Amino acid sequence: MTKLTYIAPDGATFEVEAEDGSTVMENAVRHGVPGIEAECGGACACATCHVYVDEEWMDAVGQPEAMEEDMLDFAYDVRPNSRLSCQIRVREDLDGLVVRVPERQG
Amino acid sequence: MKEAIRTDVLIVGAGPVGLFAVFELGLLDLKCHLIDILDRPGGQCTELYPEKPIYDIPAWPVISGQELVDRLMEQIRPFEPQFTFNRMVAGLERLPEGGFRATTDEGEVFEAKVVVIAAGGGSFQPKRPPIPGIEAYEGKSVFYAVRRMEDFRGEDLLIVGGGDSALDWTLNLQPLAHRLTLVHRRAEFRAAPDSVNRMLALKEAGKLDFRIGQVKALEGEDGILRGAVVKGPEGDFEVACTRLLPFFGLTMKLGPIADWGLNLDENLIPVDTERFETSQPGIFAIGDINHYPGKLKLILSGFHEAALMAQAAKRIVHPHEKVVFQYTTSSTSLQRKLGVTR
């Protein structure tokens, strides 16, 4: 199991134990993390599971693929550390990953 | 008021569940008319994920969203469903003599004995970009669609986005505009490469501006736009403009359904699990938009709901007919309706 931490815009933190192979979006929805809407259910088709990856984790998480980068055009306040959480797969070396939920989704 | 289009069943939403409802209702001799805000059938399947594989449609180990919709269209063809696209059902009222009158956002009128809401996540609407105070400019200086190009002649246009809508309107409106600026978050575009190349050629020729950035504030008063502040890679800059056209894709909103006098639970419509009828007799809700204990938002659940709803709708439309349960494999009368036997 891999530990993930979500930080809401109001500062509230949510720590979850995630199964490897699941997505950061799925774990947020399963544990009721507010602000991750995931309207399309994880198809990389809506940009409503947008998160900011903690600066320290950016290298480990890696860069979005072209399709995700396209979809990020629809997100709100996109920054260099923006990712769609449905496209980040949980794996061992992400143990301790911290992501921030934006103020709003699109 | 336009003359009413009459049908047995008015289906609000032409996604997979609305389409399959045509089949189940058709087997029971009920004629259907479907209304959808998109310009083609399929709902989320064609709008959000036409090429994505679906793995949980019975007997289809894998099928794409578009292929599922194409197959459903083929399956319901014998029942000659009627479609009205690019329209939203704005109003719905019960008629004193029974049945319902529905009015679209463009003023068309429909009269039906039964209404089936198969509206999924709601109607697709343009996404409002998260710019503070943008609401005050909407309809005066900010537009999410171009209805008449002439309305933009001689204006200083700011178009925002990197998809086909943004690029197509940049190319179409550039000759009319006094000045046109395209703003997009990055140098890469989702839009067709040909459109991007044409836009870049116009930029080279000095006929439009292209800037990288995200709009963060608007300037003006009483809905009259003067300019926009854009956050760029090297800091903020201003773009003078009198019209703003943001193209940030579509989102789903419940919309006018909330005003039809139905009981709602959050943004869902509670139904019973025998008839899938709403709190208003004669109005049914199937697919992702309904809710009942144990509800699963799966296409296959919507198909089941459509079959049971059809039985209840039949009793409303043809109250004196006896409904005999039949299988399509063996019933010649059903096969005749499907056009597979004489």
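Let's begin with one pair of residues in chain A: Asp54(A) and Arg100(A) join their side chains in a salt bridge, with N and O 3.0 Å apart. A salt bridge here means a side-chain nitrogen of Lys or Arg within 4 Å of a carboxyl oxygen of Asp or Glu. Side chains of opposite charge can pair when their charged atoms come close. This pair links distant parts of the chain, 46 residues apart: Asp54(A) sits in the loop between strand E3 (50–53) and helix H2 (58–61) of chain A, while Arg100(A) belongs to strand E5 (residues 97–100) of chain A. Helices (H or I, at least four residues) and strands (E, at least two) are DSSP runs, numbered from the N terminus. Over all chains, the whole structure has 33 salt bridges.

Before going on, a word about the model. It is predicted, so local features need pLDDT of at least 70 and side-chain atom pairs count only at pLDDT 80 or more, whereas totals for chains, interfaces and linings use all residues. Residues are numbered from 1 along each chain as its sequence is written, chains are lettered from A and ligands numbered from 1 in the order in which they are written, and side-chain values use heavy atoms, leaving out hydrogens and water.

Now look at where the two chains meet. Chain A brings 17 residues to the contact and chain B brings 15, contact meaning heavy atoms within 4.5 Å. Together the chains bury about 1,600 Å², 49% of it on carbon and sulfur atoms; buried area is the accessible area (1.4 Å probe) that two parts lose on being put together, summed over both.

Asp77(A) forms a salt bridge with Lys231(B), their closest N and O atoms lying 3.5 Å apart.

Next, follow the strands of chain B. Strand E14 (residues 224–232) and strand E15 (residues 235–240) of chain B run antiparallel and are joined by six bridges; two strands pair if DSSP finds at least two bridges between them. A hairpin of two residues connects E14(B) to E15(B), and Val230(B) has Phe237(B) in E15(B) as its bridge partner. Another antiparallel pair, strand E6 (residues 89–94) and strand E7 (residues 100–104) of chain B, has five bridges. Leu92(B) stands opposite Ala102(B) in E7(B). In the turn of this hairpin, Gly98(B) has a positive phi of about 100°.
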